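Here is a friendly briefing to read alongside the model. Please have the sequence and the 3D view open as you go.

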Amino acid sequence: MTLPSRQPDKAASGVESIVRLPLTAVASVVNTFRRGPESLFNLNAYSFGFSAMTTGVGSGILPFKVLTMLDGGQVIMFGNELDKNGTLGVISLIGLAVAALMQPLAGILSDRSAKITGKRLPFIAAGTMLMAGSAFFFGAAETFISVLIAMVLIQLAGNFSQGPANALLVDHVDRRSMGRASGALNLIRVAGAGVFAYIVLRFMDQYVEDGAAYWMWLAIAMLAVALVLSSAWTILSLRNRQPPRRTAAQPDDDDETEYPGRPLNLDKWTYGWFLISLAFVIAAMSTMQVYALFFLQDVVGLENPAEGASTLVIVIGVGIAATVLPAGYIADRIGHSAILLVGGVLGAIGASLLLVVDSFTAVLMDGFIIGASVGIMLSVTWAVANSLVTGRRAARDLGLTGIAALVGAAVARFSGVGIDALNDRSDGQLGYEVMLICVAAAFILSSIMLAVVARASNENRQTAANRLNLDTNSPRQGL
């Protein structure tokens, strides 16, 4: 007797798929976590919360703190009364000056602490907890002095963590894949900054409308949780995982052997030119970021600039996300120089178009172009930085980028005083117009300078590869 064949139960199969879906997702997360430093997500997860905190506080909450301070009285510095742009710029600049000192100092300490298991990780853990605590002090600050102190504490703690974290890619990633790794790092950074900048701005919009302080506290609490969780992911996934041993063809940077991927005869002047170029990049990007809210209010004429800024953040974030990872992959294959020039031209176009915008829709369209430029510049510039330093002093040398960031940010922040002065002597827009012209010029100049440095770096690595091949193919003597 032949039994009838049993047909598969489609309903049961569908239910089984639904049950398996979350289990598969959990398994994927666990596998990624277990891969340790082999996973670019694990190496860069900390940057999600760090960028969320710095952007959320600096660009989302601080401008509203400034407006509240000015409503309560004047801010006088060096005998001059500061307006909103000037006050915002001064507070941000002093905080960045502290960051520029702390980041390389913490990097030096982590470079020298090789006996500690996971020598970068204790610094990341300590800085994370201190930064989260400082954010709550910032929320309680109401006067110019207290807000300034809070921002200094946030920068001290954050860069005590960031300095050592800068070297994670150099510790664990092959130099020839640094564009891809840098793209992943900046994609995660942009995700953290973009998502939480939008949320914080929406909350602060409610804070202004309702006058309820709990909206600000909720924003700060979310930023602190994101910071702690993302840093914990990197720390736990990398603990007890030492950087990989170098092969014969790629020895450790402590010796002077030449190998593909290691810079050859790149002196301090080369790295110095890179830092100067980076300062121009930061100046252009910071200026656009810091004064976006006031630009939308004064030039575009939005009645609710906070809501407009949150929408603009999304559009710029989409533009960055669309280019940051592809730019890194392409740079690994064709070189950094050409990609950098494309990024600079796009940035200049984006800044120039803002001179003629007449609606918020036009600003949003232009925001995508600016985002695409920023994504390219962020990804490839950091790849160039990692290709120039050695593992032995990676955190120290990469920490010096904080000084370049300070110089660039100083130009951006001090420009706030000039913007206010020019606006007072005109129809209220001249200062912003001069700002945008300078930003466009900075994008072009920085991309050219970085392209030259990147070309020099590529030529030196190629020379190292050729010499290694000659040594490998030459007949051995005395055998």
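Buried means under 20% relative accessible area, exposed means over 50%, and partly exposed lies in between (1.4 Å probe, protein chains only). By that rule Phe-123 is buried, at a relative accessible area of 10%.

This is a predicted model, in which local features need pLDDT of at least 70, side-chain atom pairs count only at pLDDT 80 or more, and totals for chains, interfaces and linings use all residues. Residues are numbered from 1 along each chain as its sequence is written, and side-chain values use heavy atoms, with hydrogens and water left out.

**Aromatic pairs**

- Rings of Phe, Tyr and Trp (its six-membered ring) pair if their centres lie within 6.5 Å; planes under 30 degrees apart are called stacked, over 60 edge-to-face, and the rest tilted.
- The count by this rule is eight aromatic pairs.
- One of them joins Phe-41 and Trp-233 edge-to-face, at 5.5 Å centre to centre with 80° between the planes.
- This pair links distant parts of the chain, with Phe-41 in helix α2 (residues 40-44) and Trp-233 in helix α9 (residues 214-238), 192 residues apart. Helices here are DSSP runs (H or I, at least four residues), numbered from the N terminus.
- Phe-41 is partly exposed at 42% relative accessibility, and Trp-233 is also partly exposed, at 24%.
- Phe-123 and Phe-160 have ring centres 5.3 Å apart and planes at 45°, so they make a tilted pair.
- Because Phe-123 lies in helix α5 (residues 121-140) and Phe-160 in helix α6 (residues 144-165), the pair ties together parts that are 37 residues apart in sequence.
- Phe-160 counts as partly exposed, at 24% relative accessibility.
- Phe-203, Tyr-214 and Trp-215 are linked into a cluster by ring pairs.

**Charges over rings**

- A charge sits over a ring if NZ of Lys or CZ of Arg is within 6 Å of the ring centre and within 35 degrees of the ring normal.
- Lys-65 places its charged end over the ring of Phe-138, 5.5 Å from the centre.
- Arg-189 lies over the face of Trp-382, 5.5 Å from the ring centre.

**A nonpolar surface patch**

- Patch residues have over 30% relative accessible area and no salt bridge, and nonpolar side chains (Val, Leu, Ile, Met, Phe, Trp, Tyr) are joined within 5 Å. A salt bridge is a side-chain nitrogen of Lys or Arg within 4 Å of a carboxyl oxygen of Asp or Glu.
- A nonpolar patch of about 830 Å² has among its members Leu-341, Ile-349, Val-356 and Ile-444.
- Helices α13 (336-353) and α17 (430-473) each supply at least two of the patch residues.
- Val-356 sits in the loop between α13 and α14 (360-388), and Val-356 is exposed, at 63% relative accessible area.

Definitions and conventions:
Patch = residues over 30% accessible without salt bridge, like charges linked within 9 Å, V, L, I, M, F, W, Y side chains within 5 Å. Areas by Shrake-Rupley, 256 points an atom, 1.4 Å probe, with all protein chains shown as cover.
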